[in-house]
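Q: Please take a close look at one part of this structure. Walk me through the part and its surroundings in short steps.

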Amino acid sequence: MDFIFNLIKAFFLGIIQGITEWLPISSTGHLIIFDTIWPLTPAAFFEVFKVVIQFGSILAVLFLYFRKLNPFDPEKSSKKKRETFHLWKLVIIGCIPAAVIGFFLDDIIEQFLSANFVIAVALITYGIIFIITAKYPKKVTIESLNELDVLTSLKIGFFQCLALIPGTSRSGATILGGLYCGCSRYVASEFSFFIAIPVMAGASLLKIVKYFMETGMFTLDQWALLFVGTFVSFVVSVFAIQGLLNYVKKHDFTSFGWYRIALGIFVLLFFYIL
C-alpha cells in the first residue's frame with residue numbers, strides 16, 4: 001500500500017516538475033512544498049528524486065529542439081552548423097558559474113536553504129522583481145539567438161546562480177538575466193531552456209552518485225518511482241515549453257510575478273501562521 005501511495009505522489013510530483021521547471025515560478029519550491037504536505041518516503045530518497053526527475057524535463061527540450069540543437073544534421077548548411085556549434089559554446093559558457101558554485105555549495109543549500117520560509121521569501125522577492133521588470137522593461141537589442149555573444153551568455157549564467165536558492169526558479173533567474181541583457185522575451189525564454197540542459201543533467205548525475213555512495217543502489221520500487229516521475233515530467237514539459245513560448249509572444253511576465261507573490265504569502269500563512 002505504501003508503494004501505491006508513493007507511486008501516486010511520484011505521478012503528481014512529475015506533473016509539478018514538468019509545469020514549473022520551465023515557467024518562472026520555481027520547480028524546486030513547488031516540489032518541496034508538495035512533499036512537506038504529502039511526503040514521499042523515505043526523505044533521503046525524495047532529495048534525489050526531486051533532482052533526477054528533472055531529466056524528463058531535459059529530454060523534453062532535446063525532443064522539441066533536436067534539429068535546432070543538432071550540429072551534425074545533414075540537412076543543415078555549413079552556416080547553420082556553425083551557428084549551432086556557436087549556440088552550444090554559449091550554452092556551455094553560460095553553465096560554468098552555476099556548475100562551479102553549485103558543486104561546492106550543494107550540501108549547504110540542501111541543509112540550510114530548503115526551508116519553507118526561504119522558499120516563500122524567494123517566491124515573493126522575485127515575483128516583485130518580475131513585476132517591476134515588466135513595468136520598466138529594458139530596450140530589446142537581441143531578437144535572435146544568433147545575436148547572443150559570449151559575454152551575454154556569461155552574464156545570464158551568473159543570473160542562473162541565483163536559482164541555487166530554492167524558490168528562486170532556475171528558468172526565472174535566467175529569463176531575468178536575459179531580459180536584463182536586452183534579450184526579447186522569446187529569446188530569453190528559449191535560451192533558458194538550452195542553458196538548463198548541462199546544469200540539470202550534471203545536478204541529476206551528482207545527486208545519484210552521492211546517493212549511491214551514502215545509501216547504496218535504488219530498490220526496485222524506487223526505480224519504478226523514478227521512472228514514473230521522469231516520464232510524466234517529460235510529457236508535461238513538452239506542453240509547458242510550447243505553452244510558455246506561445247504566451248510570451250503576446251504577454252510579459254507580470255502574471256507570473258503575481259502568482260509567485262500569492263504563493264509565497266500562502267506558504268507563510270500555511271506553514272507559519274495558520
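A: Start with a definition: contact means heavy atoms within 4.5 Å. Helices (H or I, at least four residues) are DSSP runs, numbered from the N terminus. This is a predicted model, in which local features need pLDDT of at least 70, side-chain atom pairs count only at pLDDT 80 or more, and totals for chains, interfaces and linings use all residues. Residues are numbered from 1 along each chain as its sequence is written, and side-chain values use heavy atoms, with hydrogens and water left out.

Now take helix 1, residues 2-20. The expected span of a helix is 1.5 Å times one less than its number of residues.

Next, burial. Buried means under 20% relative accessible area (1.4 Å probe, protein chains only). In helix 1 the buried residues are Asn6, Lys9, Ala10, Leu13, Gly14, Ile16, Gln17, Gly18 and Thr20. An α-helix has 3.6 residues a turn, so residues three or four places apart point the same way. The buried residues of helix 1 pack against helix 2 (27-37), helix 3 (43-52), helix 4, helix 10 and helix 11 (220-248).

Two of these partners also meet each other. The axes of helix 4 (residues 54-64) and helix 10 (residues 185-214) come within 9 Å and cross at roughly 145 degrees. Axes here are lines fitted to C-alpha atoms over the stretch in contact, and angles run from 0 to 180 degrees between N-to-C directions. Helix 4 contributes Gln54, Phe55, Ser57, Ile58, Val61 and Leu62 to the contact. Helix 10 contributes Phe193, Phe194, Ile197, Met200, Ala201 and Ser204.

Definitions and conventions. Helices (H or I, at least four residues) and strands (E, at least two) are DSSP runs, numbered from the N terminus. Buried means under 20% relative accessible area, exposed over 50%, partly exposed in between (1.4 Å probe, protein chains only).
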